[in-house]
Amino acid sequence: MNHTETKKTLLLIDNGQTCEELRQVLDDEYHIAVAADMNAAKDIMEHDGADICALLVNADQQDDICQAVEYIKDNNRLISIPVLIYADEGADPGQFACLGSGVFDCITKPYIPHIIKNRITNAMAFMDSMTFYRIEKILKELPSNIFLKDNECRYVFATKYWHHLKMSDDPNWTIRGKIDPEIRKDTQNAIEAHRKDLEIIETGKGATYTIEINEGIQEYFQVIKQPIFNEQGFVIGIIGLINNVTEYELLKQKLRKQAITDELTGLYNRAFLDEFIKTHRDDCYPLAIISADCDGLKAINDTYGHTAGDEYIKATVDLFQMVLPPERMLFRMGGDEFLILLPSTSEETALSLVKQLEDKEKLFRIRDRQLSISFGTSVMNNKADSFHTCITESDRNMYQEKRKKRGQ
């Protein structure tokens, strides 16, 4: 991009030749547009307003100055244009009465280039800061929290102060200049947030993640962070967005739970077993497998109805939870069939647990029937073993046990 394309435009309102000297001083840095009065200036601004960075009005044209101030004030654009006036040496002080009433500054002869340019730059910077604070106020109306950090990960501003911050009782407390570990109640989340900030500053790559905060109320927040670059391509800060996604996350968890668990018992279902088979880790071996099947469930259903049958199935789950260690995984495969996975468990230990299950089942009765379950075991020693083959083996052993009970 060449220098001509990056020039900003100054609009001068002058009905004579007073602006020529000023024009010569500024022409190297700005495009200069000239209008004879405010009506002509409006036409230019309506057409090229986005390119105009400042409006300079001859101090002799008091009516045009007043009209310019009113026009800028009533304009609905968020970005306002600073109004400055310029005058000859020894100008009538009455010409400067408009200062502080919408006019930012007055430029007088001699027109010293660097001073004039600094004044125009300061006027634009002031209007930019006013626009920034105006936008910040508007952003506070959004349900999201929008924040800005500098390149040392310190907050410049945030549109909301949520209850997860450690805030002072001082009504003038501000988040400005602070980093997350200094103000977040959840220390671990704060450290992780700061770590991600440092990573973004170092790599120039954004991040999106969801955090859980549980301070009496379980909440989830989605955090989106993007680096801010200067014209040289260096990261000078982070712009971020925080959305409260608690409702979405809880719904997602609910749907996930429904997808992988059995409604009657709350155990994992066959779908989750298929998922586990594909994704389980190598450190679970030896993995003991116990197949289980309720004895006589059909007779209970036929005699007492399916409600009693459901009680029988639930009693079976109660037995499993009473005897088996916490790291076990329980699956209802359908009907009265169950599968138990025991990570880091030898065949000897699995058989011992089966013996305990058989001893404890005597404690459970449904109507006039004692709980009775048939078991079968197998063990996967490493990933080379076939999951499906080992399950088939434990099922076969379980059905052999069931036939023994029937005297077959």
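Residues are numbered from 1 along each chain as its sequence is written. In this predicted model local features need pLDDT of at least 70 and side-chain atom pairs count only at pLDDT 80 or more, while totals for chains, interfaces and linings use all residues, and side-chain values use heavy atoms, with hydrogens and water left out.

**Aromatic rings**

Let us start with the rings. The structure holds 10 aromatic pairs; rings of Phe, Tyr and Trp (its six-membered ring) pair if their centres lie within 6.5 Å, and planes under 30 degrees apart count as stacked, over 60 as edge-to-face and the rest as tilted.

| Pair | Centres apart | Angle of planes | Kind |
|---|---|---|---|
| Phe-147 and Tyr-155 | 5.7 Å | 65° | edge-to-face |
| Tyr-268 and Phe-331 | 5.6 Å | 40° | tilted |

The pair of Tyr-268 and Phe-331 links distant parts of the chain, 63 residues apart. Tyr-268 lies in the loop between helix H8 (246-260) and helix H9 (270-279), and Phe-331 in strand E12 (residues 329-334). Helices (H or I, at least four residues) and strands (E, at least two) are DSSP runs, numbered from the N terminus. Together with Phe-272, Tyr-268 and Phe-331 form one aromatic cluster.

How much of these rings' residues can be reached? Buried means under 20% relative accessible area, exposed over 50%, and partly exposed in between (1.4 Å probe, protein chains only). Phe-331 is buried at 0%, while Tyr-268 is partly exposed at 30%. Both Phe-147 and Tyr-155 are buried.

**Charges over rings**

A charge sits over a ring if NZ of Lys or CZ of Arg is within 6 Å of the ring centre and within 35 degrees of the ring normal. Lys-149 lies over the face of Tyr-155, 4.5 Å from the ring centre. Likewise, the charged end of Lys-196 sits over the ring of Tyr-209, at 4.7 Å from its centre.

**The sheet**

Now for the strands. An open sheet is formed by 5 strands in the order E2-E1-E3-E4-E5, with parallel pairing; two strands pair if DSSP finds at least two bridges between them. At the edges are strand E2 (30-35) and strand E5 (105-108), each pairing on one side only. Strand E1 (residues 8-13) pairs with E2 over 6 bridges, and Thr-9 stands opposite His-31 in E2.
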